[in-house]
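Work through each task with the model in view before reading its solution.

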Amino acid sequence: MGLSTVGYVHTVFGLIAVVLAFYMLIRNRKIDPKSSAGIAYFVAVTVSCVLVFALPPKAPGFNPVPGYILTLLTLISLFLGFFIRFSKLRAGRYIETLGLSGSLFFSMVPAVNETLTRLPAGAPLASSPQDPLVLKSLSVLAVLFFALCVAQVINIKKSSKLLPHVA
């Protein structure tokens, strides 16, 4: 597969983050930054993202510019979603939920690409990031992300109607 040591560590932390995110989405319908799983998710994504900048820029199949842009989008979404709760914004719950879901989405884009262009070893399913299989898979991922966001907004609206309003 041609991964460096940094690449393996980056991948392990990324996989931990994805597992934690799906666990929280199934259990809580959102990535919960106040839970121990949410804190572990924050740490795993942060470490995985920081390690992107330590990957060898001339590694096979690694184009640093899109990788760095996705990494920065992931970190912005993660930090915004994780720390917005300390603000007094009325839309804070929405920003938190959508930001943290966005961090998962931005993490999944290179994960789908890397998986399809590297596995199975020796005979990958896709030949490049522009391969129709990769592009179709990313399209499905985008539709699923949009559906998740809509469901989360609806869930927040429903739960806010159940809370008593304080005047």
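**Exercise 1.** Determine which residues of H3 and H4 meet, and how the two helices are arranged.

*Solution.* In H3, Leu70, Leu73, Thr74, Ser77, Leu78, Leu80, Gly81 and Phe82 touch Ile95, Glu96, Gly99, Leu100, Gly102, Ser103, Phe106, Ser107, Val109 and Pro110 of H4, where contact means heavy atoms within 4.5 Å. Sorted by class, this contact holds ten nonpolar, seven polar and one charged residues; Ala, Val, Leu, Ile, Met, Phe, Trp, Tyr, Cys and Pro count as nonpolar, Asp, Glu, Lys and Arg as charged, and the others, Gly among them, as polar. The model is predicted, so local features need pLDDT of at least 70 and side-chain atom pairs count only at pLDDT 80 or more, whereas totals for chains, interfaces and linings use all residues. Residues are numbered from 1 along each chain as its sequence is written, and side-chain values use heavy atoms, with hydrogens and water left out.

Next, take the axes (lines fitted to C-alpha atoms over the stretch in contact, with angles from 0 to 180 degrees between N-to-C directions). Those of H3 (residues 64-83) and H4 (residues 92-118) come within 7 Å and cross at roughly 155°. H3 is therefore roughly antiparallel to H4, the term for angles over 145 degrees.

**Exercise 2.** At what angle do the axes of H1 and H2 cross?

*Solution.* The axes of H1 (residues 5-28) and H2 (residues 36-52) cross at roughly 150° and come within 8 Å, which means that H1 is roughly antiparallel to H2. By class, their contact has 17 nonpolar, four polar and no charged residues.

Key. Helix = DSSP H or I, 4+ residues; strand = E, 2+ residues; numbered from the N terminus. Parallel < 35°, antiparallel > 145°, perpendicular 65-115°, else oblique.
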